[in-house]
Amino acid sequence: MFKGKTNAAGDQVETLIGPQVVIHGDVRFAGGLHVEGRIVGKVVAEPGARAVLTLSEHGSIEGEVHAPVVVLNGRLQGDVHAAERVELAANARVQGNLHYKVVEMAAGATVTGRLIHVDAAEDVAAPA
């Protein structure tokens with residue numbers, strides 16, 4: 001159904017949560033997940049899987065996010081744990097902490113929370 005479709009990061013979209021969809025509960029995924037609707041619950045990529053979460057301009061997530069690559073252009077309330085990178089587009093509105101290795105932020109995006117570099121956090125926690 002989504003053959004040939006790509007998300008903002010240029011990866012294949014395998015799952016689409018449409019604009020009229022509201023999910024109450026946790027979502028586990030692998031591959032490309034594109035959210036145009038609303039999720040109330042955790043969004044977690046399968047461990048070890050290549051996974052990209054894309055939140056569209058009109059989409060929203062209320063819950064924690066764990067994925068290698070996270071591309072945000074909508075509203076997110078909760079902490080983001082991105083093993084590889086976080087991309088914040090101009091309409092991204094994040095209320096929560098961003099844990100990242102690489103972050104890209106466009107003019108207009110807002111974050112109400114802390115930006116925490118993953119390697120830096122591990123260095124602080126590691127005994128000397």
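The model is predicted, so local features need pLDDT of at least 70, side-chain atom pairs count only at pLDDT 80 or more, and totals for chains, interfaces and linings use all residues. Residues are numbered from 1 along each chain as its sequence is written, and side-chain values use heavy atoms, with hydrogens and water left out.

Start at strand E9, residues 65-72. Strands (E, at least two residues) are DSSP runs, numbered from the N terminus. Seven of the eight residues of E9 are buried, so the strand is largely enclosed by the rest of the structure. Buried means under 20% relative accessible area, exposed over 50%, partly exposed in between (1.4 Å probe, protein chains only).

Now look at the partners of E9. Two strands pair if DSSP finds at least two bridges between them. E11 (residues 80-88) runs parallel to E9 over seven bridges. E7 (residues 51-55) is also parallel, with four bridges. E6 (residues 43-45) pairs in the parallel sense over two. Val65 of E9 is the bridge partner of Val43, and Val80 in E11 is a bridge partner of Val65.

The whole structure holds three salt bridges. Each is a side-chain nitrogen of Lys or Arg within 4 Å of a carboxyl oxygen of Asp or Glu. Glu46 meets Arg28 at 3.3 Å, N to O. Glu46 sits in the loop between E6 and E7, and Arg28 in strand E3 (residues 27-29), 18 residues apart. Arg28 is exposed at 52%; Glu46 is partly exposed at 32%. Arg38 and Glu62 come to 2.8 Å, closest N to O. Arg38 lies in E5 (residues 38-40) and Glu62 in E8 (residues 60-62), so the pair ties together parts 24 residues apart in sequence.
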